[in-house]
Amino acid sequence: MSAVADNLATVRRRIESACARVGRSAGSVELIAVSKLHSAASILECRAAGQLDFGENYAQEMRDKAVELAAVGDLRWHAIGPLQLNKAKYVAKHADAFHALDRADVAGELSRRRSGKPLRCFIEINLASEASKRGLEASRASEFLDSVRQLPGLEIVGLMCLPPMAARADDSRPYFLKLKELAVELKLPQLSMGTTADFEVAIEEGSTAVRVGTAIFGERPSA
Ligand SMILES: *Cc1c(COP(=O)(O)O)cnc(C)c1O
């Protein structure tokens, strides 16, 4: 097995164990392999091991990879990073899901540019009010949801968060719990939460989509 295939198998096993600990079925968690800054060859290695969902932070990089790998036919692209208005067209055209919705103008642009299957969207919440991070304050989520939920071409399915950097995975737990509570309040069924550092804790707290890069592909080359 290649290193990537080996890593992928390990991550899948860890997801299954985390699900088992809390009585969830492994199929209730979507694994997104975060391939940002990794090569198309690494993505193909991962695809050969059965992985179809890939996460990218930079809209242009996602577009380039989607075009380069179009012949593969069954890859699904998840845009997981902050999105500028003028790059929304790439996400509208190539992505299956957008995990970092936090601006009404970007939502409008995605809606106008989308054709075909609705773009699944997660609203990003900045739970710790970190200045360095994007995302809405939790208190604004309801109003924002009302302003975007009727837009054609978009389907608002859930919430996303990236908790503060922590020394231990367990430190993220209160944030995951908070996101879950907010999603229940807003009646949104899906939760995009958990990365290499804390995906098992996220699953225990109800994550339905984990975004895992380093544990699958190794350290990222610098941009
Ligand atoms: C890069 C990134 C990830 C993956 O992080 P790893 O630590 O490599 O698993 C997940 N989510 C977002 C929003 C990211 O930017």
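Is Arg 113 buried, exposed or partly exposed, and what is its relative accessible area? In this predicted model, Arg 113 is partly exposed, and its relative accessible area comes to 46%.

The chain is built from 9 helices and 8 strands. Its radius of gyration is 17 Å, close to the 17 Å that the globule rule gives for 223 residues, so the chain is as compact as a globular protein of that length. Of the 223 residues, 49% count as buried. Among contacts with a separation of 6 or more, 58% join residues 24 or more positions apart. The accessible surface of the chain amounts to about 10,200 Å², and carbon and sulfur atoms contribute 50% of that surface.

Turning to charge, the structure holds 19 salt bridges. Side chains of opposite charge can pair when their charged atoms come close. Two of these pairs share Glu 109: the side chain of this residue meets that of Arg 113 in a salt bridge at 2.9 Å, N to O, and that of Arg 112 in a salt bridge at 3.2 Å, N to O. Arg 113 and Glu 109 both lie in helix α5, 4 residues apart, which is about one turn of the helix. Glu 109 and Arg 112 are separated by about one helical turn too, because they are 3 residues apart in helix α5 (residues 104–113).

Glu 109 has a relative accessible area of 15% and, because buried means under 20%, it counts as buried. Arg 112 is exposed, at 63% relative accessible area, while Arg 113 is partly exposed, at 46%.

A further salt bridge joins the side chains of Arg 14 and Glu 200, with an N to O distance of 2.8 Å. This pair links distant parts of the chain, 186 residues apart: Arg 14 belongs to helix α1 (residues 3–21) and Glu 200 to helix α8 (residues 199–204).

Gln 51 sits in the loop between α2 (40–48) and β2 (53–56). The residue is buried, with a relative accessible area of 3%. Where does the side chain of Gln 51 reach? The side chain comes to 2.8 Å from the backbone oxygen of Leu 31. Leu 31 is also among the residues that Gln 51 touches; leaving aside residues up to four places away in sequence, the list includes Leu 8, Arg 12, Ile 32, Ala 33, Cys 46 and Leu 75 as well.

Definitions and conventions. Residues numbered from 1 in each chain as written. Predicted model: local features only at pLDDT ≥ 70, side-chain atom pairs only at ≥ 80, totals over all residues. Heavy atoms only, no water. Helix = DSSP H or I, 4+ residues; strand = E, 2+ residues; numbered from the N terminus. Buried < 20%, exposed > 50% of the residue type's maximum accessible area, 1.4 Å probe, protein only. Polar contact = N/O pair within 3.5 Å; in protein donor to acceptor, adjacent residues only side chain to side chain. Contact = heavy atoms within 4.5 Å. Salt bridge = Lys/Arg side-chain N within 4 Å of Asp/Glu carboxyl O. Rg over C-alpha atoms; globule rule 2.2 N^0.38 Å. Areas by Shrake-Rupley, 256 points an atom, 1.4 Å probe, with all protein chains shown as cover.
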